[in-house]
Amino acid sequence: MQASGWVPLFPEQASSFAWQVDLLYFYLIVVSIVFTIPIVLAIFVFAIKYREKEKFATPEEIHGSMALEATWSFIPFVVSMTIFLGGAYVFYNQYTPPVDAMEIYVVGKQWMWKAQHETGQREINELHVPLGRKIKLTMTTEDVLHSFFIPAFRTKADVVPGRYTYLWFEPTKPGKYHLFCAEYCGLNHSGMGGWVYVMEQKDYDNWLSGNASGQTPVEQGKDLFETKLGCASCHEGGPAQRGAKLEGIYGKQVKLVGGSTVVADDAYIRNSILDPSSQIVDGFSPIMPTFKGQVTEEQLLALIAYVKSLSGVTGSTPTQGPGAAPPAAANTSNTAAVNRPPANTTSNRASTQSANSNR
Amino acid sequence: MQTQDEITGEFQRPKLNYLNNGTTLKSWLLTKDHKRIALMYLISVSAFFMMGGIYASIIRLELLTPASDLLETGTYNKVFTQHGILMIFFFLIPSIPAVLGNFLIPIMIGAKDLALPRVNLLSLYLYWIGGSFALWGLMQGGVDTGWTFYVPYSTTFSNTYVMAVGLGIFINGFSSILTGLNFIVTVHTMRAPGMTWFRLPLFVWAHYAVSLVMVLGTPVIAITILLMALERVAHVGIFDPSIGGDPILFQHLFWFYSHPAVYIMVLPGMGVVSELISNFSRKKIFGYEFIAFSSIAIAVFGFLVWGHHMFVSGQSIYAGMVFSFLTMVVAVPSAIKMFNWTATMYKGSISYDTPMLYGIGFMGLFLIGGLTGLFLGAIGLTVHLTDTYFVVAHFHYVMVGGQVIAYLGGIHYWWPKITGKMYSEFWGKISAMLVFVGFNLTFFPQFILGYQGMPRRYAAYPPEFQVLNIFSTAGASVLAIGFLMPAIYLIHSLIWGKEAGPNPWMLPGLEWRTSSPPPTENFLEPPVVTWEAYEFGEDSGLDLEEARRRAAVAPVA
């Protein structure tokens with residue numbers, strides 16, 4: 001990226017679908033020119049040729065022409081349909097994360113982006129990603145709407161409180177690219193951003209090993225599950241356990257009391273922790289207390305990662321769109337967020353420190 | 001009819017007209033005359049436009065440099081929010097309908113007044129009351145939510161005067177609903193004998209379409225604001241997920257009104273431009289029915305495309321595709337209008353008076369505004385472009401390049417009718433050209449900035465975006481001069497302007513067949529319409545021979 005001076009007309013193409021977006025852009029520019037030239041030319045020619053020669057003249061009447069109306073309704077319609085199809089195709093690519101993607105969790109809050117890698121490294125307002133790997137971001141926010149925008153990757157998605165949204169990309173060019181918040185989020189909206197670093201795999205591995213990793217999300221989730229929140233006392237113990245079985249459920253249909261079924265995805269797990277009585281698994285009683293107000297957004301993501309690991313799922317799972325997840329009931333942290341210290345939660349920090357002292 | 005001096009060709013000002021029929025403050029504040037109400041709207045919307053313009057100037061000055069050095073970020077956030085709120089709710093939405101529509105619709109259809117004159121006065125008062133609440137909120141400390149009031153920021157997080165301003169917009173909405181209702185009833189019931197639907201000027205058709213949108217759409221924003229208030233004040237969980245709400249629901253409700261509101265802001269402009277192009281080409285408009293029905297089509301389809309504001313907000317990707325498809329469909333009626341206006345000029349007798357310059361300027365700017373709308377409707381491209389300066393540039397091309405230019409064109413076109421005076425053609429033409437050049441210089445660079453990735457609503461930006469921002473600010477200063485000039489020469493014309501006479505351009509519309517300014521009851525004798533719309537020939541009943549003879553001796557205007 002240039003530091004100053006002239007702006008190139010296009011940002012760098014640094015993701016696998018960036019060229020498709022640019023191609024669509026070029027196509028629209030061509031369409032615009034093709035429509036503009038005849039109209040502007042006609043206006044100019046008519047303006048000169050038919051300028052007033054006698055005051056209050058009465059030129060011959062022309063009522064209209066069905067053939068012309070049909071032509072200039074039909075052609076724009078057909079052209080607009082080609083634009084629609086091209087747009088829909090590119091959009092499908094942008095918003096359909098591949099199944100083999102590496103997953104990174106992102107939590108937005110006023111006014112910073114917090115990211116956690118699968119191996120446990122955390123970063124703020126920066127995102128380090130390896131070149132040529134498909135990467136899927138699972139995102140949410142602790143407070144208001146934000147939007148994760150990387151112009152060089154030609155993609156963005158809003159981050160919505162109370163639900164998970166997804167963004168994916170495959171970086172194709174090493175470098176340092178702008179990361180912006182694109183949805184207005186209050187006082188320091190324009191300061192909520194930083195850089196995305198695309199690194200060769202070996203540099204990325206170096207970066208990973210050079211950073212205190214602490215617990216991975218799965219380990220952190222396990223810790224929460226077994227000790228800190230005590231989920232295990234009901235959700236483990238074999239056939240006699242009081243809580244629903246979690247092994248092997250991720251991504252599967254779960255039968256609920258009342259006969260309906262639901263896919264056990266991120267949104268379902270989140271909802272079952274925050275508002276357990278709203279979706280009771282068939283055969284169980286509504287005895288689970290809510291954990292609303294006791295878990296942070298980041299801990300929720302860790303718990304989801306752990307539940308996933310119980311089904312042998314690591315990394316990404318099929319999801320689609322920025323908001324495949326239905327609205328989960330309640331978000332714990334909106335009001336709490338205002339008073340919380342800005343960086344990671346205390347428990348995360350503590351675990352990072354213990355990892356350091358072990359070394 | 002106004003009398004004219006045989007030798008000098010100068011017109012006598014009509015002895016009794018709507019302006020001097022009662023001179024007390026009470027005679028204005030309690031008037032039922034649609035023309036006086038329109039004039040009071042004109043003054044009010046101009047004041048709001050001035051305030052919004054000052055905010056715009058501050059924004060452009062701040063963005064001259066990458067750092068937020070002129071204003072603190074919090075202040076900048078309030079400035080762009082208030083610019084948007086004043087311009088959209090208190091200037092653009094009432095501008096053409098409440099000023100020009102109010103003044104002209106009854107005259108154009110040959111009626112004495114609107115069907116519901118008292119309701120018309122009530123709508124003005126609601127506008128004033130709503131405006132006062134908004135201004136009060138601004139003076140107390142302002143509001144920083146963006147004109148879109150997105151939740152949960154607006155309901156839970158913002159500590160600014162959201163309620164006062166929201167109440168102002170809520171009340172103002174009823175003004176808009178009543179105006180729309182009044183127009184619909186008037187067009188149905190008050191047309192003069194012989195004024196059939198297909199003899200209506202296209203200005204009236206456009207207002208009929210826009211009235212439908214006002215009546216059907218505005219209640220939704222009223223409900224949305226009410227729900228927002230319920231959550232903000234009483235903490236009822238509607239939108240904020242921490243208390244059980246859904247923030248996406250707010251966006252659906254908000255855009256269900258606010259997208260059609262875009263058409264409230266541009267359809268009347270299209271109506272004005274249809275008048276300008278046809279009348280200053282002295283040619284029957286090409287494809288009258290197509291232009292008339294394309295207004296209705298835009299009004300109807302405009303209600304089905306709100307989701308294109310939410311492509312990246314978390315709605316399902318298939319919903320996104322459906323909205324993208326419908327957005328492409330709604331582009332077609334706009335294209336039809338564009339082609340018909342161009343074809344109208346073919347074999348015309350085109351004169352380049354100030355209103356026509358605005359009319360042609362509109363065609364150029366609206367063309368760019370419309371085509372860049374296709375960019376934003378192409379869903380895969382919009383993922384990159386949305387919430388960047390590309391969007392800012394696009395909607396300014398449509399709203400300023402469209403509605404404001406058309407509004408200025410309309411004000412210049414009907415100024416002789418409204419005031420009875422001619423303004424300076426020379427300064428009129430200069431200002432029309434300054435506005436055109438300044439506008440393009442301001443907003444065209446923003447398309448490039450947007451593709452580069454500069455997000456909107458940023459008080460500070462990375463330094464590589466500065467060059468284009470400097471262009472934009474330079475353009476804004478030209479634009480500001482272009483906007484200020486009419487304020488000067490139009491007011492000047494009130495005192496020193498030449499008497500315009502009833503029909504300075506010898507045009508066939510009913511509004512040109514009464515004196516300037518018109519009498520309170522619009523016509524001394526109720527008109528009977530025997531000619532088609534845009535009939536410039538002998539069938540129009542105008543004394544063209546006489547006019548040509550006089551023009552040869554002493555050219556008018």
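This is a predicted model: local features need pLDDT of at least 70, side-chain atom pairs count only at pLDDT 80 or more; totals for chains, interfaces and linings use all residues.
Chain A has an open sheet built from five strands, and reading across gives β3-β2-β1-β5-β8, with mixed pairing. The edge spots go to β3 (122-124) and β8 (165-169) of chain A; each has just a single partner strand, so one side of each is left without a neighbour in the sheet. Going from strand to neighbouring strand, the average turn is 25°, direction ignored.

Zooming in on one pair, strand β1 (residues 102-109) and strand β2 (residues 112-116) of chain A run antiparallel and are held together by five bridges. For Tyr105(A), the bridge partner in β2(A) is Gln116(A). A helix joins the picture here too: α7 (residues 297-310) of chain A packs on the sheet and touches β1, β2 and β5 (135-141) of chain A. The direction of helix α7 makes about 160° with that of β1(A).

Then there's the contact between the chains, which draws 94 residues from chain A and 86 residues from chain B. Sorted by class, the side of chain B that touches chain A comes out as 52 nonpolar, 24 polar and 10 charged residues.

Definitions and conventions
Residues are numbered from 1 along each chain as its sequence is written. Chains are lettered from A and ligands numbered from 1 in the order in which they are written. Two strands pair if DSSP finds at least two bridges between them. Helices (H or I, at least four residues) and strands (E, at least two) are DSSP runs, numbered from the N terminus. Axes are lines fitted to C-alpha atoms, for helices over the stretch in contact, and angles run from 0 to 180 degrees between N-to-C directions. Two residues are in contact if their C-beta atoms, placed from the backbone, lie within 7 Å. Ala, Val, Leu, Ile, Met, Phe, Trp, Tyr, Cys and Pro count as nonpolar, Asp, Glu, Lys and Arg as charged, and the others, Gly among them, as polar.
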